[in-house]
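Visitor: I am new to this structure and would like a guided tour. Could we go through it together, one topic at a time?

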Amino acid sequence: MIIIIILGSRPDDSCLSKELDGRARLGASVFKKYPQSLIILSGGLTNLKCRRTEAEIMEEIMLADEIPKSAIIKEKMSRNTIENALYVKKKLRELKIIPDRILLVTSCYHVFRSKIIFENFFSGVNIEASGCFKSNRSDIDENRKLDRDLSILMRIRDFNDTESILQITSQYQ
């Protein structure tokens, strides 16, 4: 089964951002190429002023773009890219879904790091970046985040052990 994973991005105080909107719209167009796939919208509550998770905001965009609600699964716990992979894996396990192929949808600057993280969590699954949203954002911290996340990944012994992974990531907040 093909799973399209759309990674969230912290919304601004208006509860949207060009980046979150762009990723969701790109994800909708990817789904239209693979209509038998499932979509996972991954993103938790990262801006308390919004009172809605990134996944909930992206779902509104997807539904407005005529993506069927039955094709959408929301992962609403994650606050960063490692947690995206962790909670998506947990959600798929709970639903007894075994992906053959994962299509990641994110911003261009974020593709390299997110692909490395998902490859670690989904060993043996074909992980592909399915295009990327060309953001105006220049994330000068991306190299620092890559170094941090590689350090975290090296410390993880079991990619199914949610509690120990959260313990490790909390040391890097």
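This is a predicted model: local features need pLDDT of at least 70, side-chain atom pairs count only at pLDDT 80 or more; totals for chains, interfaces and linings use all residues.

Visitor: Which residue does C132 form a disulfide with?

Guide: C132 forms a disulfide with C108, and their sulfur atoms are 2.1 Å apart. The link of C108 and C132 is right-handed, with 85 degrees about the S-S bond. It connects distant parts of the chain, 24 residues apart: C108 is in the loop between β4 (101-105) and α4 (111-121), and C132 is in the loop between β5 (126-129) and α5 (142-155).

Visitor: And how does C108 count in terms of accessibility?

Guide: C108 counts as partly exposed, at 31% relative accessibility.

Visitor: How many disulfides are there?

Guide: The count comes to 1 disulfide.

Visitor: Let us turn to the sheet. What is the order of its strands?

Guide: The order is β3-β2-β1-β4-β5, in an open sheet of 5 strands with parallel pairing. β3 (72-75) and β5 stand at the edges; each has a single partner strand, so one side of each is left without a neighbour in the sheet. On average, neighbouring strands of this sheet are turned by 25 degrees against each other, direction ignored.

Visitor: What holds strands together in general?

Guide: Strands of a sheet pair through backbone hydrogen bonds, in either a parallel or an antiparallel way.

Visitor: How many bridges pair β1 with β4?

Guide: Strand β1 (residues 2-7) pairs with β4 over 5 bridges, in the parallel sense. Within this pairing, I5 stands opposite L104 in β4. L104 also stands opposite A129 in β5, and β4 and β5 run parallel, joined by 4 bridges.

Visitor: Which helices lie on this sheet?

Guide: One of them is α1, which lies across β1, β2 (38-42) and β4 and runs at about 170 degrees to β1. Another is α4, which packs on the sheet and touches β1, β4 and β5; its direction makes about 170 degrees with that of β5. Together, β4, α4 and β5 make a right-handed β-α-β unit.

Visitor: Staying with α1, is R23 buried or exposed?

Guide: R23, which has its place in helix α1 (residues 18-33), counts as buried because its relative accessibility is 2%, under the 20% cut-off.

Visitor: What is R23 in contact with?

Guide: Leaving aside neighbours within four places in sequence, R23 is in contact with I6, L7, G8, S9, V105, T106, S107, Y109, H110 and F133.

Visitor: Now α2. Which of its residues are buried?

Guide: In helix α2 (residues 54-64), the residues E54, A55, I57, M58, E59, I61 and M62 are buried. The buried residues of α2 pack against β1, α1, β2 and β3.

Visitor: What comes just after α2?

Guide: Just after α2, E66 takes a positive phi of about 65 degrees. E66 is in the loop between α2 and β3, and E66 counts as exposed because its relative accessible area is 71%.

Visitor: How are the rings of F121 and F159 placed?

Guide: The rings of F121 and F159 have their centres 4.8 Å apart and their planes at 75 degrees, so this pair is edge-to-face. The pair links distant parts of the chain, 38 residues apart, with F121 in helix α4 and F159 in the loop between α5 and α6 (162-170).

Conventions:
Residues are numbered from 1 along each chain as its sequence is written. Side-chain values use heavy atoms; hydrogens and water are left out. Helices (H or I, at least four residues) and strands (E, at least two) are DSSP runs, numbered from the N terminus. Buried means under 20% relative accessible area, exposed over 50%, partly exposed in between (1.4 Å probe, protein chains only). Contact means heavy atoms within 4.5 Å. A disulfide is a pair of cysteine sulfur atoms within 2.5 Å. Two strands pair if DSSP finds at least two bridges between them. Axes are lines fitted to C-alpha atoms, for helices over the stretch in contact, and angles run from 0 to 180 degrees between N-to-C directions. A crossover is right-handed if, with the strands pointing away from the viewer, the path from the first strand over the helix to the second runs clockwise. Rings of Phe, Tyr and Trp (its six-membered ring) pair if their centres lie within 6.5 Å; planes under 30 degrees apart count as stacked, over 60 as edge-to-face and the rest as tilted.
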